[in-house]
Amino acid sequence: MANNRRLVMVFNFLQPVTEKMKYWDVKKKTAREAYQEGKVRNKPGPKGQVPLFAEFILVLVRLRLGLLVGHLADLYSLSKGSSSKIFTTRISMLYHMFKDILIAWPTMQQVRRHLPKSFAEFPGTRVIMDCTEMKIQKPTRPFIQKVTWRNYKSSNTFKLLVGISPTGAFTFVSKLWSGGVSDRNITMQPGLIDTLGPNDDCMADRGFNMRDLITNKRATLNIPPVSKGEQLSTKACTKTRRIAAVRTHVERAIQRLKGFQILQGVLPLSLASVADQTLIVCCLCHLIKPLVK
C-alpha cells in the first residue's frame, strides 16, 4: 500500500510535464517543433491511446519484468510501434527528471555521518567502485561485433563503471561502453576521478590498475595486496579478508540493480539508443532501503 501511494505521488509530480510532451518519433528526432517556441504549447500529433498512468505502469513493468514490446502491445491492445514509442518517450523523460536525484555525489561529511560500523577500519572510504557488464544482442556490423566481444563472457557486452557509498547507495554510474574497453580506460574518462578530493579513500578490487590516476588527485586507492607470484604474508591475508568483507557491498548493489529483468539475459539492440537512460532509471532500486545499516 505504501509503495502504491509513492507511485501515485511520483505520477502527480510528473503529470504536468508529461501532458506537454510529444511522443518520440525517430524520423523527426532532430527537428525543433514550432509549438515549443510559441506561447501556446498545445501538444500536436496523435493523442495517447492509453491513460498517462497506464503508460508509466507499462514502463515500470518492462523494466522490472523485462517483457518484450510485442507482449506489452498485446496487454495494452496497442501496436508494437506505439508501445515502443511510449517506452522510449517516458524512459527518456524519467531519466532527465531524476538523473540528478537518483545519482548524487555526497560530501565527505555526509559519508562520515552515515558510515556503517563495518567500515570502522576504513573510516576514510569515500567510494567503492567496480565494473560490471551486460550481455547484448549480437550486432550486425563486424566492427561493432569486434569492439563489444568479450572472451570472458563468450558474448557481446556493454560495460559500465559504478561507485557506491559505504551505505550501498549509487553515487556514480558511468555511461555504457563497449565490452572490449578496459576498466582503466573507463576510469580515465571524465567522471568519477574528477569528483575525488584530497585524502579520499577509494576501495576497489585488485584488478583496478589505476593507483597513479588516483594519486594525482591526492587520494588513496585501497585494494587487496597483490601476491606477485609469492605467498602472501599473514598480515596481507588479513588485510585482503577485511577489504573483501566490505567491498562485497558493491557487488550486492550491482546484484540489486540487475534485479530488473531488463538488464538480465540479452539486451536487445532495439534498446541501444536508450540503454543509458534505462540503466539510470533502474538505479531507483537503491531508494528501497540501505544495503548496509
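How are helices H2 and H4 oriented to each other: roughly parallel or roughly perpendicular? In this predicted model, the angle between H2 and H4 is about 85°; the two helices are therefore roughly perpendicular to each other, since angles of 65 to 115 degrees fall in that class.

**Helix packing**
- Helix H2 spans residues 52-65 and helix H4 spans residues 80-102, and their axes lie 9 Å apart.
- On the H2 side, the contact is made by Leu52, Glu55, Phe56, Leu58, Val59, Arg62 and Leu63.
- H4 contributes Ser83, Ile86, Phe87, Arg90, Ile91, Met93 and Leu94.

**Charges and aromatic rings**
- Arginine 62 places its charged end over the ring of phenylalanine 87, at 4.7 Å from the ring centre; Arg62 of H2 and Phe87 of H4 also belong to the helix contact.
- Over the face of tryptophan 177 lies lysine 175, 4.8 Å from the centre of the ring.
- Zero aromatic pairs are found in a search of the whole structure.

**Cysteines**
- The structure contains zero disulfides.
- Cysteine 202 has a relative accessible area of 0% and is therefore buried.
- Cysteine 237 is partly exposed, because its relative accessibility is 35%.

**Phenylalanine 260**
- The loop between helix H10 (234-257) and strand E8 (266-267) holds phenylalanine 260.
- Phenylalanine 260 counts as buried because its relative accessibility is 7%, under the 20% limit.
- Leaving aside residues up to four places away in sequence, phenylalanine 260 touches Leu63, Arg64, Cys282, Leu284 and Cys285.
- Between phenylalanine 260 and leucine 279, the C-alpha to C-alpha distance is 9.6 Å, with a sequence separation of 19 residues.

Note on methods: Residues are numbered from 1 along each chain as its sequence is written. This is a predicted model: local features need pLDDT of at least 70, side-chain atom pairs count only at pLDDT 80 or more; totals for chains, interfaces and linings use all residues. Side-chain values use heavy atoms; hydrogens and water are left out. A disulfide is a pair of cysteine sulfur atoms within 2.5 Å. Buried means under 20% relative accessible area, exposed over 50%, partly exposed in between (1.4 Å probe, protein chains only). Rings of Phe, Tyr and Trp (its six-membered ring) pair if their centres lie within 6.5 Å; planes under 30 degrees apart count as stacked, over 60 as edge-to-face and the rest as tilted. A charge sits over a ring if NZ of Lys or CZ of Arg is within 6 Å of the ring centre and within 35 degrees of the ring normal. Axes are lines fitted to C-alpha atoms, for helices over the stretch in contact, and angles run from 0 to 180 degrees between N-to-C directions. Helices (H or I, at least four residues) and strands (E, at least two) are DSSP runs, numbered from the N terminus. Angles under 35 degrees count as roughly parallel, over 145 as roughly antiparallel, 65 to 115 as roughly perpendicular and the rest as oblique. Contact means heavy atoms within 4.5 Å.
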